[in-house]
Amino acid sequence: MTTSTLALAGTAATRSKSISLATLVGRYAGLLLLACVPLGLMWNDPYWLNILAYAYLFAALACAWNIIGGFGGQFSLGHGVFFAIGAYSVARLYLDLGMTPWLAVFPAAALATLVALLISWPTFRLRGPFFAIATMAINEACFALANYTDRLTGGPRGILIPFRAGLWNMIFIERWKYALLTFGFMSIVVLITALLRRSRLGHYLLAVREDEDSARSAGVDVLRVKLLGMALSAALTGIGGGIFAMYVRVLDPPTLFALPDIGVKFALISLIGGIGTIMGPVVGALLIVPVENFLRGTLGGAIPGGHLIVLGIILVCAALFLKRGIVGEFTGAVRRIRNRKRS
Amino acid sequence: METFLNILISGILLGGIYSLVSIGLNLIFGVVRIINFAQGEFVMLAMYATYFCTTYLGINPYLALFVVAPLMFVFGLAVQRTVLQPLQNEPMMQIFATFGLLILFENSMLALTRGEARSLSGSYSSVLIDVFGLKVSGVRLVVFIVVSGIALALMLFLQRTMPGKAIRAVIQDRQAARLMGVNVERTYLLTFGLGSALAGVAGALLAPIYTLSPYIGGNFILAAFAVVVLGGLGSVPGAYLGGLIVGLIESFSGYYVDPALKQAIWFIVFVAALIIRPSGLMGQVGAEEVGLREQT
Amino acid sequence: MTRNGISRLAIAAFAVAASASLAWGQAEPLRIGAINPYSGPLALYGDEVSRGYQLAIDEANAKGGVLGRKIELLRGDASSPPQGIATVEKMASQDKVEVFVGTYISAVSNAASDSALRYSKVYWDTNALAGDLTERGLPNFVRSGPYADSFAEVSVAAAKDVLAPALNKDIKTLTIWIEHEDSIFGTSIAELQKKLIEKLGGKVVGMGAHNFRAIDLTDSILRAKAAAPDLWMETGYVPDGSLLLRTMRDQGFKPPAIMMVATGDTFETLDALGKEYLEGIAVVGYPRPDQTEAYGPGAAAYLAAYKEKYNRDPIAPQSMTAYAGMQMLLEAIKAAGSTNMNELRAAAAKMDKPLKSYATGFGVKFDPKFQNTRAFPTLVQWQSGKVVTVYPKDAAQPDVKLVNVPRK
């Protein structure tokens, strides 16, 4: 097992080093441009623009999750905590100190990172399902605490950001500006993950995911690698939370901490799109968010819960038939065709 | 002093409820090693099945248990065979699939019942029994007694019978068990069926206590996971004790600290315990080391 | 253009306008979007409230609709703020909705009305309770029904005028425990209750917050029991309310008077506790169809219409409040002559009807923040397994008396 892990890391290293940085950026810029096409097509339809803005934002958040969940193999269900910290921080800095959200996202990300490190340092000794459950429990504990404390989070009332349009405020009248903002954020996160993948930290994360013990015996500082991955993941999630805050402008504990809508959804999007791939979360989000909205729009009023029944069936079928996620299946199929051509 | 005793007993009985819901999950988790998000929904479905039996067939809920539990056993077999077994080598997809099942079950019940909260008729829930001079809720006492019995029976099953030993072997080391001739797939089926049947028992016994709603499963599931992990993977006495501990912590912190914080408190205790002793109270040390990526 | 040309153009334009008004009868239906949770734990109430809307619309359509147009109700499912935004976007841009109504969850109402403002559409809220919805001062928002403060006010007034005398006490000597669920709904009502009671010189012996999804509420009951209050007031949802009452029974906690706020007055609670235990429990809730005709004109007719269309009794009284709210909206549209945001709001501002104008006993007069100042819940009591209106006095049927206070 040791040899195979290192060999894997090795091949990955050789494969990616053979691509120059320029080609890498070019390839992903191309893919991102493809993801931008819906934005171009629907630029004056506010309904679709809203969905796209949301989809791009969640694509970015899923990519951020993917750094530690996909590359690192640490299945966290507690990213909602970092998301909420980002949202509350930006809201508070904006409302209380008049700071522009464009700058406020950075201290928000820093705070999310700090909390992530504090939480992760003890919990990283847990593996697999134990880690997942521990992070889920932390999410719930923070939910209860956010509901209880009035001063920072506004308690159950939450924080409401009044509508005051302006670039400085990151509040826009036109939806296409929001869509462009979240698209930009998503592009940045995708490029960061692409760069991470070919960096040393990226390879260490993958090695840790494949076989933690072998990685450790090969000299990798496993805890440090995990913590770095988590720090990056949490920082980006916090920024996403801040953007969410300026978009939805109604922030209460249920909206920010609900597991099915936030914490679990990041993982779900990555899983459907292709966990551990770079564009997987993007594909997943661009699929799930519109489908969910479409289902709610058409079935939502008629049968109570009707659209969620369909969604549940879709999720189960996707798990059964798209085992490696959409991107995973796609690249697998491509590889098979290539091998067949070769033979 | 009476208050203290009251809280103690209430905590123990609450712990019984947690243990009951968790005991099936513990088995599934220990053997099949997946986070079964849908376990709470099995309890919910069993509760509604019990409601159906009592309301439309006129059967006493404690007798309905003998109908509901076997039904849930079969249901569990079906779920394991159709959804989970094909995903055996994709643990993350299994989690994903169980989450899909959660959404499916919850909303199917919602569509069927239109969201109306139902309760079991009859005076079961108002029966009070004298314990040490305190009046104790009869239905909760029954839960405690039954789960204690189940825990004992399950321990004997795992220790003394062949299928039980097979289950324990798979909990310890799946690969080695296979090498020793254990049919791992059949063990999974059996375990999942058993875990679902236990959820069925939980549903039947809890139906007189709570108002039924399609979302009630979600209220139990997180606590159930915490109990399972706290108690120790695959350890039946661990799950039993874990449930009692969680119930007591919740009861005491709710009264002496603040009911609004009790959830946060035991979550934090749970995480702390996990960090100090990750294998849980009575789990095998090192069992938690086997992460999501399983040996095949 | 020549003068001839201009006059020809004018005649043509006039002709078009005239023929359009003649085709009034085949005009576009007036679409109203109802934003509510139609899935999730509150789906039942979203559905129930929409039934109230539909009944009011059916009545209006039978009389020729409004502005000569048939009214159509579209349902938009939303259980969280982002969903509220998306649903409003869809309805406003794709489904040609002209006015929005709603909304059983306040946070959803907040985000959805904000979204509706982008399209300059009025958001006419009939049921959401949070104070900040009107405090925000949004130019498209109107609330026709009671809100959190109304519930707090009526509950305290009922404690003072009805329950205290029944216990041979007055508000200053009545000890009260305030229990509430810990989201914005319960918290805002409870906080105001405390303030009002203390302003009247009453004594709040303790406050308790609980999570409405809790598996066990023994601690909340034991704490209240230790304080031994005369009156136990609770604001919450159905699951926690039922669990609290059961736990009270198990723990032998028997306060002389029990008042629930906003929930606890439906068959769900009856099923859970049985009619003997519920006897005498008071609930401050949305007005009910058993009110006197003098207090709530049309209440009995509403009940009959509901039974005919849905083959059962109303599930929850929220629907009648939605019904009255929809009636007010349609009147406002008629007065404004359009659904244009500014015109409709201006017409609403001019509305002035005294209390007891609607089946719910509401009147209509909006304050500067567009909260209806003449909308109040009522106090009901469980009597022999039925919910009976007892307060205000003129809402109660003449032969109605208070029962079982103090509780046996």
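## A nonpolar surface patch on chain A

In this predicted model, a nonpolar patch on the surface is formed by A:Leu31, A:Leu34, A:Val37 and A:Leu41. Together these residues have about 400 Å² of accessible area. One of them, A:Leu41, is found in helix H2 of chain A, which covers residues 21-41. The relative accessibility of A:Leu41 is 64%, and the residue therefore counts as exposed.

## A buried alanine in chain B

B:Ala197 has its place in helix H8 of chain B, a helix formed by residues 184-206. With a relative accessible area of 12%, B:Ala197 is buried, because buried means under 20%.

Which residues does B:Ala197 touch, not counting those up to four places away in sequence? The residues are B:Ala69, B:Met72 and B:Phe73. B:Met72 lies 125 residues from B:Ala197 along the chain, yet the C-alpha atoms of the two are separated by 5.0 Å.

## The five-stranded sheet of chain C

Chain C contains an open sheet of five strands in the order E2-E1-E3-E4-E5, and the pairing is parallel. Its edge strands are E2 (71-77) and E5 (141-143) of chain C, each of which pairs on one side only. From one strand to the next, the twist averages 25°.

Within this sheet, strand E1 (residues 30-36) and strand E3 (residues 99-102) of chain C pair in the parallel sense over four bridges. C:Ile32 has C:Val99 in E3(C) as its bridge partner. Helix H2 of chain C, residues 43-62, lies across E1, E2 and E3 of chain C and runs at about 170° to E2(C).

Over all chains, the structure holds 35 salt bridges. In one of them, C:Glu72 is joined to C:Arg31, with the closest N and O atoms 3.4 Å apart. This pair links distant parts of the chain, since C:Glu72 is in strand E2 of chain C and C:Arg31 is in strand E1 of chain C, 41 residues apart.

Are C:Arg69 and C:Glu98 buried or exposed? Both residues are buried.

## The seven-stranded sheet of chain C

Chain C also has an open sheet of seven strands, with the order E7-E6-E8-E9-E10-E11-E12 and mixed pairing. Strand E7 (203-210) and strand E12 (386-391) of chain C are the edge strands, each pairing on one side only. On average, neighbouring strands of this sheet are turned by 25° against each other, direction ignored.

E6(C) and E8(C) pair in the parallel sense over five bridges, and C:Glu179 has C:Glu234 in E8(C) as its bridge partner. Helix H7 of chain C, residues 184-199, packs on the sheet and touches E6, E7, E8 and strand E9 (257-261) of chain C. The direction of helix H7 makes about 165° with that of E6(C). Helix H8(C) lies across E6, E7 and E8 of chain C and runs at about 170° to E6(C).

C:Asp230 and C:Lys169 form a salt bridge in which the closest N and O atoms are 2.8 Å apart. C:Asp230 lies in the loop between helix H8 (218-227) and strand E8 (231-235) of chain C, and C:Lys169 lies in the loop between helix H6 (148-166) and strand E6 (175-181) of chain C, so the pair ties together parts that are 61 residues apart in sequence. C:Asp230 is buried, with a relative accessible area of 12%, while C:Lys169 is partly exposed at 32%.

Finally, a network of salt bridges links residues of chains B and C. Its members are B:Arg114, B:Glu116, B:Arg118, C:Asp47, C:Arg75 and C:Arg312.

Definitions and conventions:
Residues numbered from 1 in each chain as written. Chains lettered and ligands numbered in written order. Predicted model: local features only at pLDDT ≥ 70, side-chain atom pairs only at ≥ 80, totals over all residues. Heavy atoms only, no water. Pairing = 2+ DSSP bridges. Helix = DSSP H or I, 4+ residues; strand = E, 2+ residues; numbered from the N terminus. Axes fitted to C-alpha atoms, helices over the stretch in contact; angles between N-to-C directions. Contact = heavy atoms within 4.5 Å. Patch = residues over 30% accessible without salt bridge, like charges linked within 9 Å, V, L, I, M, F, W, Y side chains within 5 Å. Areas by Shrake-Rupley, 256 points an atom, 1.4 Å probe, with all protein chains shown as cover. Salt bridge = Lys/Arg side-chain N within 4 Å of Asp/Glu carboxyl O. Buried < 20%, exposed > 50% of the residue type's maximum accessible area, 1.4 Å probe, protein only.
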